[in-house]
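Welcome! Take a look at the chain first, and then try each task before reading on.

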Amino acid sequence: MSHLKLSGISKSYGQFNALEAVDLDIAKGEFVTFLGPSGSGKTTTLMIIAGFESATSGQVEIENKSLFGLAPYQRNIGIVFQNYGLFPHKTAAQNVYFPLQMRGVKKAEGLRKAEEMLELVGLKGFGHRHPKELSGGQQQRVALARALVFEPSLLLLDEPLGALDKNLREQMQIEIKRIQRALGVTTIFVTHDQSEAMSMSDRIVVFEKGRIQQVATPLELYHRPQTRFVASFIGESNLIDVKITDAAKREARNDAIGAIQYAPSNRPPTGSEATLMIRPENIKLSRNPVEGRHNVRMKVETIINYGDNALVVGKVGEQMMRVRVLGADVVIIKEGEECCISWLHDSVYLIAK
Ligand code: ATP
């Protein structure tokens, strides 16, 4: 049974449709990430769930009860924004106590709960400090404690790590997951950082232009993207436009590469246009053709070395190809030279148009 259910949510600002027909079911205890480019509708969806925006049409339900007409504070939802929103004149403990105070919890009990929550987020002993006496990461932990202290039925995190530097960001990703698991709270996390989404989520919802493109686990999204947009947005990919020449034999044709075979797929029929996806790490670079693989010749244009691996970018005719190789393999080739690239049919994934 779904804990949170969105049905047919649309949102228009005048003529502009910020969201169109968004349907989504989230199970209790799930950690779900909204991922998509800037302006794709992630925050608007979150604000509609929280009650700060109203949908033009559609319905939001928690545990089968409609939230229609309920003000944000009546929804029992904890929220953390990027800019923390802590009260500067209150201490960390008073900030965390605040939502309990609003719910009529007595001061002594509320402050005790606030201290417990501060301990859970790793801030034991910091309760007496004011926000300006805390680092960015610590302030974000206080904001998290404040969003969780009243045991919300849903936790919404809107780019909460956006203002933190890379190391702190990674540390907080681990912390947020730990706390979310410990409490089992259903969570929606908004980000436009795909690696953050991949590492943290049970499932990812990919938004583009106000529509949901795909809802899936991180691995499913990576290996079986349903659209060209998802394939290009999640990880690196080689996307090759083809025409299906024989669907039964799983054969397609690209002008630059020629005939290509693809992995089993039940769509689309012979004659249709489609896209083939090959991930750069599934392509091998060599001087000579490799037996048992599909080989083509590539002219190497650029090699970007990352130490333990390198990205080799080149052209097969007019088709740009990207190949990810392990550090030692890259020495066999130089920019401007021709080489062989090869792949297995099973790593060629077909995306219908
Ligand atoms: P970001 O990652 O940049 O936060 P987002 O995916 O969260 O982007 P939203 O903030 O949900 O995107 O915005 C979706 C679209 O709705 C955008 O094109 C935005 O300009 C538009 N929009 C949002 N609020 C309003 C408003 N009050 N009036 C008009 N248009 C709006």
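This is a predicted model: local features need pLDDT of at least 70, side-chain atom pairs count only at pLDDT 80 or more; totals for chains, interfaces and linings use all residues.

**Exercise 1.** Are H2 and H4 roughly parallel or antiparallel to each other?

**Solution.** Residues are numbered from 1 along each chain as its sequence is written.

Step 1: find the elements. Helices (H or I, at least four residues) and strands (E, at least two) are DSSP runs, numbered from the N terminus. Helix H2 covers residues 92–102, and helix H4 covers residues 136–148.

Step 2: look at the axes, which are lines fitted to C-alpha atoms, for helices over the stretch in contact, with angles from 0 to 180 degrees between N-to-C directions. The axes of H2 and H4 cross at roughly 25 degrees and come within 7 Å.

Step 3: apply the classes. Angles under 35 degrees count as roughly parallel, over 145 as roughly antiparallel, 65 to 115 as roughly perpendicular and the rest as oblique. H2 and H4 are therefore roughly parallel to each other.

Step 4: list the contact, where two residues count if their C-beta atoms, placed from the backbone, lie within 7 Å. H2 brings Ala92, Asn95, Val96, Phe98 and Pro99, while H4 brings Val142, Ala145 and Arg146.

**Exercise 2.** Describe how H2 packs against H3.

**Solution.** Step 1: helix H3 spans residues 107–120, and its axis and that of H2 come within 8 Å, crossing at roughly 120 degrees. That makes H2 oblique to H3.

Step 1: on the H2 side, the contact residues include Ala92, Val96 and Leu100, and on the H3 side they include Leu111, Ala114 and Leu118.

Step 2: sort the contact by class, with Ala, Val, Leu, Ile, Met, Phe, Trp, Tyr, Cys and Pro as nonpolar, Asp, Glu, Lys and Arg as charged, and the others, Gly among them, as polar. The H2 and H3 contact has nine nonpolar, two polar and two charged residues.

**Exercise 3.** Work out how H4 and H5 are arranged.

**Solution.** Step 1: helix H5 takes in residues 166–183, and it packs with H4 at an angle of about 20 degrees, their axes 11 Å apart. H4 and H5 are therefore roughly parallel to each other.

Step 1: Gly136, Gly137, Gln140, Leu144 and Leu148 of H4 meet Leu168, Met172, Ile179 and Leu183 of H5. Of these contact residues, six are nonpolar, three polar and none charged.

**Exercise 4.** Which element gives the largest share of the shell around the ligand?

**Solution.** Step 1: the residues surrounding the ligand include Tyr13, Phe16, Lys42, Thr43, Thr44 and His192.

Step 1: strand S2 (16–27) and helix H1 (42–50) each give two or more residues to this shell. The largest share, three residues, comes from H1.

Step 2: by class, the shell has three nonpolar, eight polar and one charged residues.

Definitions and conventions. A residue is near a molecule or strand if its C-beta atom, placed from the backbone, lies within 6 Å of it.
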